[in-house]
Amino acid sequence: MDHLLSAGPVQVRYENGFLRYLMLHGTEVVRMICFAIRDPYWQTAQWTLTNEVIDVQADTFRISYAWQTNDLGIRMAGDVFMTGASDGTISVTFRGEAQNNFLKNRVGLCVLHPLEGVIGRPCQVDTATGDRLEGYFPDYISPNQPFRDIQVLRWQPASGHDLQLDFTGDVFEMEDQRNWTDASFKTYSTPLAQPFPVAMSPGQPVQQQVRFTIYPTAIRDDVTVLNSLQLPVSKQPNQPAGVQPAPVRPRIGLGQHTDGLPLSAEEATRLTALSLSHLRADVLLPTGDWQPRLANALADARMLQVSLEMALFFGDDPTEDLAALTAFMGDERAAVGSILVFDFRTRCTSDTLLQTVAPALRLTWPNVPIGGGTDRFFAEFNRNPFDYNQVDFITYAITPQVHAFDDCTLLENIEGQPPTVRTARHLTGGKPVHISPITLFPRYNTVAQSASERLSPPIDPRQANNFGADWTRRSLAALALAGVTSVTYYETHGPRGLINGDAVFPAFEVFRQFIEE
């Protein structure tokens, strides 16, 4: 059950063990205070809450509960204490103890900062070594941590409040979660610069605290910019700089059924009514079964009367892979409408790979645009630049469920999608942006290297209900407004598609309405 709480002038929602939406005089100043337990593959362990005690007064509150987890090979237990005082101070104390031997990448508290009223605003960081650093929340998405070694964080949102967070128990730093299309900045521990994973043993404790206060002294507004992607101080605005692209109607495509099962005639007839642009086919050239999957994709594309968006994943010998692909395609070359170029292991595009395969691709498909970037998250695109002049467009994938999985977070994270388009255009000098694919649930764990995992992704039941349709509608509208050129959503059919046998999912109608507008 949710509880609306007050700590003097601050209102906050208590929800499933976390504090959400800290509001000061009607303005959101903190998105969430929570904790996370992450295994060596950055998977989030699920935990249960017991012995919950909630004491709510008119302008104060006290909350305590016990928690435990036995998930992903991690067994831990502990407790959490939360207090809210009448002066607006809010404290959250997290304690835990390992109950077995396991490896962890992260255990502890996180604070999420909203985007609105925060982007471009000044902040100060006091470090554990006694230094004071001054900068801004980044405008364009920062590829790396904007602030490190955070003991005290002071900031001034657009509302003019002067706020402070004190962190104890570990070394904290901040990351720009828009790299994963999360609509937040996150302050967390332990720093990524420290080796991970970390071995935990039975009895090993973890204890941290975060304290939020309304800071009485104003932050200077002439601070020196520290972030590499920031504008000069003289041009540092509270609003994004640069000319925004005019809204466009992006080309809309779908992905091939992951299991490679071909469309039936009835399914193809239904999908043809959407007047789609393309069908994405993942061609994992180092694997032994890419030919039948590609053959099925070509047959599906013919039935849908669309071109093929061919995502090519090259192995250790790209020249040999390309020769095999060219021989296999034969007279089917005309079916290809666009090509994405990735390394099979990194799922990214490199200058070396492009220099090896792009000239031959342009000879074989002379009028087909070639794109590069990543099959993974925007973070990998942001952190792995290449010569963008070698491609006609850039590409990356989107899913709203990298860090959290509840309905509210999924809807919040739509706000994190347009900044990726804007930053990509800034980095590449205005290259067209093709987002491919967009899926409700992550297709695979990007840390794992298993091809079989990528060919059997998990299923989110919301794909088939009205929530999935609503999320799709909002995502499509946001990306169209951001000026994206092409989008590839979901799959054609099956539990990760728009139809599944005789069932037509509500998201089908979203695309039909968008295309007919």
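Predicted model: local features only at pLDDT ≥ 70, side-chain atom pairs only at ≥ 80, totals over all residues.
Started with H9 and listed its buried residues: Phe467, Gly468, Ala469, Trp471, Thr472, Ser475, Leu476, Ala478, Leu479, Ala480 and Ala482.

I found helices H6 (407–412), H7 (417–428) and H10 (506–516), plus strands E20 (251–255), E26 (433–438) and E27 (486–493).

Then I checked the helix itself. H9 runs over residues 466–482, 17 residues in all, and its first and last C-alpha atoms are 24 Å apart, close to the 24 Å expected. At the N-terminal end I see Asn465 as the cap, with a side-chain oxygen 3.0 Å from the backbone nitrogen of Phe467. After H9 comes Gly483, with a positive phi near 95°.

Moved on to charges. My search of the whole structure gave 29 salt bridges, and I looked at a few.

Asp375 pairs with Arg280, closest N and O atoms 2.6 Å apart. I traced where they sit: Asp375 is in the loop between strand E24 (370–373) and helix H5 (378–383), while Arg280 is in strand E21, so to speak a link between distant parts of the chain, 95 residues apart. Both Asp375 and Arg280 are buried.

Glu509 bridges to Arg512 at 2.2 Å. They are three residues apart in H10, so about one helical turn separates them. I get 30% relative accessibility for Glu509, which makes it partly exposed, and 25% for Arg512, also partly exposed.

Within it, I noted Arg31 to Glu28 at 2.5 Å, N to O. Arg31 counts as buried, at 7% relative accessibility.

Key. Residues numbered from 1 in each chain as written. Heavy atoms only, no water. Helix = DSSP H or I, 4+ residues; strand = E, 2+ residues; numbered from the N terminus. Expected span 1.5 Å × (residues − 1). Buried < 20%, exposed > 50% of the residue type's maximum accessible area, 1.4 Å probe, protein only. Contact = heavy atoms within 4.5 Å. Polar contact = N/O pair within 3.5 Å; in protein donor to acceptor, adjacent residues only side chain to side chain. Salt bridge = Lys/Arg side-chain N within 4 Å of Asp/Glu carboxyl O.
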